[in-house]
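Subject: Two-chain model, handover and findings

Hi,

Here is the structure for you to look through. My notes follow below it.

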Amino acid sequence: MTRKLKKYFLLFITSVSFFALMSFSGKSLNDSDVKFPYKEAGLTEREAAAHLLNRFTFGPTPHEVDKVVHQGLENWFLQQLSAKNNDDELNRMLQGYDALTMSNAEILKKYPGNAEIQKMAMEDGLMNKDSLAKGSQNKKKLMNDYRMDNGFGTYKQLYSQLINQKILRATYSQNQLQEVMTDFWFNHFNISLAKSKFGIFAIPYERDALRKNCLGNFEELLLSTAKSPAMLQYLDNASSTGRNSKFGGTKSDLERRLAKYKNDNTPAGKKMQEKIQRQLNSGLNENYARELMELHTLGVDGGYTQKDVTEAARVLTGWRFYIPTGEHSKNIIRPGVIDNAESRRQGFVHDGDFFFAINKHDDEAKTVLGKKFPAGGGYGEGLELFHLLATHPSTAKFISKKIAIHFVSDNPPQSLIDKMAKTFLEKKGDIKQVLLTMVQSPEFWSKDAVREKIKSPFELAISTMRILNTSSINRPDVLNRWITKMGQRIYFYQAPTGFPDNAKYWINTSSLLNRINFGLAVTSNRIPGLEYDLAALNDYKEPDSPENALEVYCKLLLPERDITSTVKRLTPLLNDPDLGKKVEKASKESAANADDDSDDQKPMTPPTKKKTDNYTGSLSFNNSSSLKQVVGIILGSPEFQRR
Amino acid sequence: MSTRRAFLKGAGIAMFGISLGGVPTFVARAAESLKQNRLYKKKKILVCIFQRGAMDGLMAVTPFEDSFLKSARPTLFMEAGREKPLIDLDGRFGLHPAFKSFAPLFKEKQLAIVHGIGSPNNTRSHFDAQDYMESGTPFNKGTTSGWLNRAIGVMGHDASPFTAVSLTSSLPRSLYGTNEALAISNLNDFSLQVRENKFTQGLVANSFEDLYDETTSSLLKETGKESFDAMKMLQRADVKNYNPSNGAEYPKTALGKAMMQIAQLIKMDIGLEIAFAEHSGWDTHVSQGTLQGTFARSAADLSNSITAFWTDLGGDLQDDVTLMTMTEFGRTVKQNGTGGTDHGRASCNFILGNDVNGGKVHGLVKTLAIENLEDGRDQPVTTDFRAVFSEVADKHLLIRDNQILFPDWKGNAIGVMKS
């Protein structure tokens, strides 16, 4: 066995043992020795169930606390960990979204960019230089027609499929934890739709790299992101170039070749000069290697240096992608070499869309974090680097802390992080086991942790859908606009850090008003396409008094929370018989406050002129709009902002 | 937190002074109308406009005697002089006629131009170049915050909810970070949206106010107070029925509206120190045009929005404000095959204010001979954007330590501000 082969063999063995471990831990998941220590922390079973639902789902649905109690908290959690619940209903809702099941190649074919459309239209003789020059309007129309006629979609359509499916999955998936973890890892390994260069690959990225591995093994998850076109483009590794001595790519090689064409002024010669010059200009790009250490694995204080970053970047030169697409898209990515037995022998690797271009790989020796990578390591040294990083103690701590921040509190106790990091190392990055250690720790159930997390705008919107038992969301795009307005433009966070996961980031004066307005908008039908039934939440039982209604709905919408303060503060809305008169009086006394009902918020009914004679003095619950308003206020209340 | 409380205290006195006999206080508050108290000391304000898409600096401010440029742009080049379109600024540079409303400001030495400005990172990707310019770290994508957000952190004044406001639907990269910054695309949205009459709205508002006042989460409690107070401040200012001063006429465009709202915030005197707006449409690959066309349209919108804003502010307020435009890079010296220009390197920017060293085209623009071009094709970057941004922040906002705004920056100011 050659040295290289031996290395591969070892890697093979390691991954086999991972699999063995994982399936083993899979079996042990049903073990009855999983115990949640909530009683010790002073929580009742129902409070614990609500806490569990608040942290591991996008919010409880009506009466879900009862269901979890009935099933047993531990059993419910283990079932969520295995993520095998039937999601047929959700899948039916997603049926119309064709891109969700497509490969990168299929997406490139169905959703070509403007440049490709233009090229194709020109090739088909439907556009020419003249029609391009006639002004952008005409061009736009021609291109749109061409798109329509040939069944091509736009980036905008592609992106809205991604956004809509996230909203629908988060609301309706029976495997809530899987969706929560997919969301968590997307934010951890963030990419953005801000640019189509990587945005077009986001659907397969989320589906294949993230959701598939979200409750699996960290090293495999990391590697899947590293090899995905989305990440390779987003952090520029696809263009990072090293010099490989075997492929004539060293600097002196290129300079020699350039000199050869120096006096060749033919168009072909000039083109060649430009090409070689481009190769000379291309070089190492450290973006990915830096974020890989700082954000994806070790953490900024993980004990690496700038030298380690540079050396890791050199290890990863040649990590690119190659997506064989149809005739029209072939100019998007050029592999430079053909995928065949000869190329494999030379050290090229084509695995799915991933492509290791050994001719762009720096083949000299490197050292990362003290580990030596001898010259000529090829693709295998990259795998070794990921293994080194994924199993590093700094990574165990960094990832554990990030998970604890998401699920426990913005400042999780060190004792908890230590326990989780220990499991992370012992179980070789098994994410399920890390989560299990967390939920079995008293810190998770401590009173300091319960309802201490503030919902992100996405979590707020989805938890609203869930608690109202919204039976359909016909316009996820409108819901998404509200999420954006509340401060979270999902899939568009530009920086590789992802959205900060702390309350301070989400709560500011403007976002808070928008959060409050969101609840009011939901219940006053200002978000089109939402179907829910407030009476059904209470099993069509009519509350016997407004006070009773208030209490009933507070309990329904805020399960297992202390609602005394909320009820107390909202009661004046219901039962002051003289309120109308008082309001009228107050209004007369404040003449300076000019009448202004022409509010920008486009009331459903025109600004009412009947505001004095129609005002009965109390917001009666006979009037369902009053119920809606109270529900709107509960949704906007501070209690509902917390999870 | 102590700075927040200073704000609340000021607002609180005004809010809770009056109570009507027998009426619950929240109803009284809903119905009352109060004169606004001045809550903040007068402050310096920096307004930034990001021209997204990369403005062609050579068309905006043309070195009109450059014969290389003339031959490189057969259908785009314009001449200056009598009966010629360009507005001669100094015998060498000519302003595009669509920017004509800038000419008097330049003449009055309120407006300065920096030509040859750009990033040391030679990426020609919009995304990367904007990212680098907004984070303020041209070689590091991992920087979590934006330079304007870091600026908020070192100004050290009493924080107002309106210290930093972006007139955009989501927060721009420049304002990412730990210091509070608002993204409001429309000031009218800054209210509780209750579909009933004013009274119900008042009741609902006060229910919320009480709920947030009682919560055990201190973050929700404090932010809640600020939100309701901020909302009332805007309501009292009657933002919907705003009349610009001095006959200012804003273009009816997204930028025109944004600039008008910035002027409103400034006049309300509610603690604004940094304002941000953006302007798209500068990516002129096709049919860029000369007197008409995509470039001219954008240029007219930009200059007319800015001059309307400036007129609206009027003399006194102009002393407090500096406005700066920025764009991620410039465009190729040569025009392309579709009557446009492609992604290049250096561009120019505009800086307006009374403490600006105006009436001058700053920076270095060499003759555009091939040997002077970057990569043989683009106007080279001769002034690092950080030199200009940090000088403006230093002189106008008095942020001396530019290492916080631009951690890797070690160069000098170029004299674009009066010293």
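One term first: two strands pair if DSSP finds at least two bridges between them. Helices (H or I, at least four residues) and strands (E, at least two) are DSSP runs, numbered from the N terminus.

This is a predicted model, in which local features need pLDDT of at least 70, side-chain atom pairs count only at pLDDT 80 or more, and totals for chains, interfaces and linings use all residues. Residues are numbered from 1 along each chain as its sequence is written, while chains are lettered from A and ligands numbered from 1 in the order in which they are written.

Confidence

The model scores ipTM 0.78 and pTM 0.77. pLDDT is the predictor's confidence in each residue, from 0 to 100. Chain B has a mean pLDDT of 86, and 88% of its residues reach 70 or more. Watch residues 1-39 of chain B: pLDDT stays under 50 there. The model has 65 contacts beyond four places in sequence for that stretch. A contact puts the C-beta atoms of two residues, placed from the backbone, within 7 Å. Where pLDDT is low, predicted coordinates should not be read in detail.

Chain totals

Chain A has 36 helices and seven strands. Of its 643 residues, 47% are buried. Buried means that 20 or more other C-beta atoms lie within 10 Å of the residue's own; exposed means 12 or fewer, and partly exposed is in between, with C-beta atoms placed from the backbone. Chain B comes to 13 helices and twelve strands, and 55% of its 419 residues are buried. Take contacts with a separation of 6 or more. Residues 24 or more positions apart account for 76% of them in chain A and for 72% in chain B.

Three strands form an open sheet in the order E2-E4-E3 (chain B), with antiparallel pairing. Its edge strands are E2 (61-63) and E3 (87-88) of chain B, each pairing on one side only. E3(B) pairs with strand E4 (residues 93-95) of chain B over two bridges, in the antiparallel sense. B:Ile87 has B:Leu95 in E4(B) as its bridge partner.

A loop glycine in chain B

B:Gly359 sits in the loop between strand E10 (347-353) and strand E11 (361-362) of chain B. Is B:Gly359 buried or partly exposed? B:Gly359 counts as partly exposed because it has 16 C-beta neighbours inside 10 Å. B:Lys107 is 252 residues away along the chain, yet the C-alpha atoms of B:Gly359 and B:Lys107 are separated by 5.6 Å. Leaving aside neighbours within four places in sequence, B:Gly359 is in contact with B:Phe106, B:Lys107 and B:Lys109.

Helix H27 of chain A

H27 (residues 476-485) of chain A has buried residues, among them A:Leu479, A:Trp482 and A:Ile483. Their cover includes helix H10 (155-172), helix H26 (457-467), strand E6 (472-473) and helix H29 (509-523) of chain A. A:Gly487 follows H27(A), with a positive phi near 115°.

The core

The largest nonpolar core has 272 residues. Such a core is a set of buried Ala, Val, Leu, Ile, Met, Phe, Trp, Tyr and Cys residues joined through C-beta atoms within 7 Å. Those with the most contacts inside it are A:Ala312, A:Ile634, B:Met259, B:Ile262 and B:Ala275. Beyond four places in sequence, A:Ala312 is in contact with A:Ala289, A:Leu292, A:Met293, A:Val368 and A:Leu385.

Best wishes
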